[in-house]
Amino acid sequence: MNASSQEMFDTNKQNVSFLQQALQHSDDLLVREITRDGNAGVLVYIESLTDASQLEKHVLDPLSQSNPTELSTLFTTIQAKESIDLQQGIKSLLNGYTLYFEDGIRRFYLLETPSHYERSITEPENESIIRGTHNGFIESLSVNLHLIRKQVNSPELTVRYYELGKTTTRKAAVIYMHNQAEEEVVRKVISRIQRITLDHIMFTGFVQEMIEDNPYSLFPQHLMTERPDHTNAYLMNGHVAIMLDGDPTALILPVSFFAFYKTPDDYNNRWMVASFTRLTRMLSFILAFQLPAIYIATVSFHSSILPLKLFFTVQGSLTRVPFPPLIEALLLELIFELLREAGLRLPSRVGQTIGIVGGLVIGDAIVKAGLVSYPMIIVVALTAISSFLIPSYEMGSAVRLLRFPLMIAASLFGFLGISFGLAILFMHLCKLESYGKPYFEPLAPLTLKGWKDTFVRFPVWTLRQKTKRSNTRRE
Amino acid sequence: MAKMEKTITARQLFFLVIQTQIGVSVLKIPHKVNEIARGGSGISIIIAGLITQALILMMWLLLKKYPGKNLYQILLGMAGPIFGRILIVSYAAHFILLGANIMISATDIIHRWLLVSTPKWVLLALFSYLAYFLAREKLSVLARFDTLACLLFIPLVLFVGYGLNEAHIENMLPLLEQGYFKIFTGAKDVTLAIYGFEILLVVYPFIKADNKQILWSMTAANSFTTFFYLFVVEVCLLAFSHDQLKLMPEPVIYLMKSMNFYIFDRADIVFVPIWSITTICSLVSYVYSAALGFSDIFKKSNHHLFSALSVTISFAIAFVPVTPSAMEKLDKIAEYMAYVFIALIPLVLLLISLISLKKKEGR
Amino acid sequence: MNKLKFAQLGMLMVMLFTVSGCWDHEYLKDINLAYSVAFDLSEDGNILETVEIIVPAESEQSSPKNEIHHSTGLTPRNASTNMRNIIRGNMRFIKFGVQMVGTELAKKGLKTVLDVNFRDPSNPTADPRFVVADGLASDIISKKLVGEIKIGEFLQQKIRSLERMGIFYPPETINSVFLATTNPGKDFVLPYLGIENEEVVAKGVALFDDEYFTGTLDTNQSTLLVLMSGEMGDNARMTRKLHITEPYLVQGDISFNLAKKKPKRKFKIHVHRNGEVSVDLHLKTYAVIEEFTGDQQLKVEILPDIQKRLSEMLTEEADSIISTLKQSNCDLFGVGRHLIAYHNKLWQTKNWDEEYRTLQFNTTIDVEIISTGVLI
């Protein structure tokens, strides 16, 4: 749309035809002519976006009242605004408003009558937990904000709305605790959000890619979650959340690498149990991308580190495999990725069948056929399981991708390749910064205080959080 | 240098310095010192540590007089734009040469112990790429990685400490077999291994700490390195007799090899890759220092290209010497250059600054 | 900036794929593992190498088989090279378990067969046991199978069990033997195996001076020797004939175990004013009696007499062990090492090889019976 504002015309007809033209004479744009007190009035609304009963109750009923009143006092039961700008009218129409024009009045009314079709609040499927709140965000920003507000009833909770996109606009909310979040971070987030110049924002992923520091990095730099409790926990710790209207995902930032390994369950378990599970998850990070590389390096370079008995066992099962270990591994990883992707899009019942076919039938047959060895199957299976242990789906995928370069390095230089590959990886992680915060925080730079809630979880009373900004100072 | 923001803390300085100090030489040092000082090797190391401490103090005194400036800027200020630049170039050359030296020794060891038939240039290229990958970043990233890499000292110390199982106190006695003079000469060789503290000259303005803290963490770093070397050397002396050490150019690896763990055999195969990471850390520090020197000369704020340049030159130098005698020569050159650049020039600068300061006061 | 990044990535990729010659690649399934190896002196003075090679099994279910091959060469390396001409595939020593040396070669010194095995980075050194064979070592390896077990595995299990029995202890590996040969002040002993009645048996220990095989002790003596050198296996079982008349008559064969409690060892080296050196070795051992074949009951009253008698017998045996050690010039206890460390000036003046033979050892062994087990 080129003109940013358009003053309304004198007659209803002109106004309506302008609107119809602007909306391409779409068939669901309804124009209803009524007479009020002898004045000709026109209601314009998009049928598919408005709630018929609301229209009936809050708009048509008052309008058809017999006793004449001033227009401005008529719409008391719903939100009503006055405007003379037709462009604004169009915007409002697209958001489910009803416009009311009346001859002789040089302004029109914007009446809020949008229809709401909302999913019920359920627990997000890929972030289910054992204990704790079982609700999740849905596709409505106001409901999501409601969920957050209900848990954080503090005056410090700040919400800032922004309109994103040029052709279709989406409402985005930047949410933070005023006394906890660092000013610098909030400033950066807002300026980046305002600089987004995409025509339309379809997914939260768009926002993420537009505002992250290192788009060339494999690692996700925003935590994506659909859990209100998870979001709240981060808000309370001074992080900032970004939510789009119509998307149940909250982007949390700035986050460190280790945030992707935490779940709300950690805080509901007893702290020793939670520490143990967290350490298991850290181990899974190591296993998930190193195990195939270590295996490849061992069988193709350093077989001498195998204990003798294992040496013979592995050698025995390798004898019939015709491929070099790298090819063997890649083959199996490919099969695994195929199965995973196939199972992902299918309904869960069929998905299970895929699992059985893949795991049992192919797994057994491929060894019997002599294409792949048993140890390799074990290695790849362990890797796969480990990569699913990571609570964040994005991080899990990133880590799964990481094994391929490492496998190649291992097949070229053995253990040295692995250690150099890891060095590059960790150099990269050290380099990453998220809104000025080091990404690999309690490890690099090394802050031992941060370890209390990273690799293990200390009892809650030791994790006391200091307020970063005094709440007396306001913007 | 336009990028004058202070970027590392005193603690990060500590890790940066120990990672620069501890590199290739940790594997060779017991062999080298034993050749000269024998049972007194431990004493040699402590003496070397003390000498280093004196040098650190001297550098600190010099830098303290020019707050917010590093050696390059001091040189530019004192020696004039032309002569100062020549000096900076020679400093950069010194750092590049040390880097090349590290690369040569490291690839040599890997070539001998781990990847016997991989061509050397491939290993050199690997080292160069890794060095470039990190050296082009800002100092705080270097410091972060060095801090992280310090976690690798834990397995290193454990591995070496495991060698105490085979320790016999008789192996290292008598302490003073070679006499004091030899022990002092041994200290000279050790000083070469402790190099790396001179990085202070380059990074001084980037440290977010007061002078006292800086001196404190330099001292801590130097003591750590000295005691680490002392530990390694003493373990090797306890585990091997002098005659055995003579036969082993890299006693630490032999020590690893002689261990038997139950989960995996051959600790040396695991040890060498871990150790090569600490080597890369010290290589990176030198490349970074050289690159910073170049960017000071050309008054560029970005040292990205210069670190590529430094790495390439190091690679080229490391690529040339193939014979052991050429390597020896390079070692010697690096050693004498170090005397000039680490001891002599800073001392002269310090004296000049003292005199000029006195003059000012006199007026 | 971004272009540079892609260029970098591209270069890395190109490097990876053009350079991927995989120089040191050595695929596990292509390795023919040499598991035990024997070196002998052939008649013409060359090295005779006998290798047991494990051939990988064809499937997971079947177990690997072994093959025995012989070759000769001027040096061990040379012999191995010749061996590679004989056998198929890639023979590697990366995991071998036992290295044997025949008597004749051992007399000519171990360095020739040790050095290369110790220094080659791909060889293990911490685990492989080093053994001296009575006669030709190749005869033992050539047995190929002992029962169902492959010879290398058999030898390794046998040596380990003998180590646990305390007949040879501590375990002598390539690593420890190499270190011992390069240690001027300390000598070592090695397990000594031989063939008797077609069976591979432990014959005691072989004594070494520097790197040369100079003498042997039998298994009875070696058990005591282990204790005398301050080491201890899991067991140290001995059986002796007991004959006491006064005050009670005790007669019969008695078996006892000296390794159930760590013996107390006092080892002192005295250097006298005149430069004479003497050694005191006192060992207090604790015995658990495991068997007694006599008619008498082992009452508490007669235990002191048994103790006394056993002490006398063991002390006598220890003396004879020491004299054999001295004859063989085997400084197992590291007296020389001690002198180097603490009396360096004195050491410089000594011709230790000569002096050691005449060294004065005062040895006593005390036995205290701490338990009679099931016998009372």
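Predicted model: local features only at pLDDT ≥ 70, side-chain atom pairs only at ≥ 80, totals over all residues.
Me: Which elements of chain B supply the side that touches chain A?

Reply: At least two residues each come from α1 (10-21), α5 (120-135), α6 (139-149) and α14 (267-297) of chain B. The largest share, eight residues, belongs to α5(B). By class, this side of chain B holds 24 nonpolar, four polar and seven charged residues.

Me: How is the extent of the contact between chain B and chain A to be read, and what area do they bury?

Reply: In terms of contacts, 35 residues of chain B meet 27 residues of chain A. In terms of area, chain B and chain A bury about 2700 Å² between them, with 77% of it on carbon and sulfur atoms. B:Phe133, B:Arg144 and B:Leu148 contribute 22% of the area that chain B buries against chain A, more than any other three residues.

Me: How many salt bridges does the rule find across this interface of chain B and chain A?

Reply: Side chains of opposite charge can pair when their charged atoms come close. Across the interface of chain B and chain A, the rule finds three salt bridges. One involves B:Lys138 and A:Glu433, whose closest N and O atoms are 3.3 Å apart.

Me: What is the count of salt bridges over all chains?

Reply: By this rule the count over all chains is 36. One of the pairs is A:Arg106 with A:Glu7, the closest N and O atoms being 2.8 Å apart. This pair links distant parts of the chain, 99 residues apart: A:Arg106 is in the loop between β4 (97-102) and β5 (108-112) of chain A, and A:Glu7 is in the segment before α1 (12-22) of chain A.

Me: Why does A:Arg106 count as partly exposed?

Reply: The class follows from relative accessibility, with buried meaning under 20% and exposed over 50%. A:Arg106 counts as partly exposed because its relative accessibility is 42%.

Me: Which salt bridges does A:Asp453 form, and where do the partners lie?

Reply: A:Asp453 meets A:Lys262 in a salt bridge (4.0 Å, N to O). A:Lys262 lies in the loop between β10 (250-253) and α8 (265-268) of chain A and A:Asp453 in the segment after β12 (437-438) of chain A, so the pair ties together parts that are 191 residues apart in sequence. A:Asp453 also meets A:Arg278 in a salt bridge (2.8 Å, N to O). Here the link is to helix α9 (residues 271-300) of chain A, which holds A:Arg278, 175 residues apart from A:Asp453.

Me: Are the residues of these two pairs buried or exposed?

Reply: Both A:Lys262 and A:Asp453 are buried, and A:Arg278 is buried as well.

Me: Which residues of chain A are linked in a network of salt bridges?

Reply: The network joins A:Glu333, A:Glu337, A:Arg340, A:Glu341, A:Arg400 and A:Arg403.

Me: What feature does UniProt place at residues 203-373 of chain C?

Reply: An unreviewed UniProt entry places "domain: Spore germination GerAC-like C-terminal" there. Over residues 203-373 the chain is 32% helix and 38% strand, and the end C-alpha atoms are 29 Å apart.

Note on methods. Residues numbered from 1 in each chain as written. Chains lettered and ligands numbered in written order. Heavy atoms only, no water. UniProt positions renumbered as here; feature names shortened; annotations may be inferred. Helix = DSSP H or I, 4+ residues; strand = E, 2+ residues; numbered from the N terminus. Contact = heavy atoms within 4.5 Å. Buried area = accessible area lost by both parts, 1.4 Å probe. Salt bridge = Lys/Arg side-chain N within 4 Å of Asp/Glu carboxyl O. Nonpolar A, V, L, I, M, F, W, Y, C, P; charged D, E, K, R; others polar. Buried < 20%, exposed > 50% of the residue type's maximum accessible area, 1.4 Å probe, protein only.
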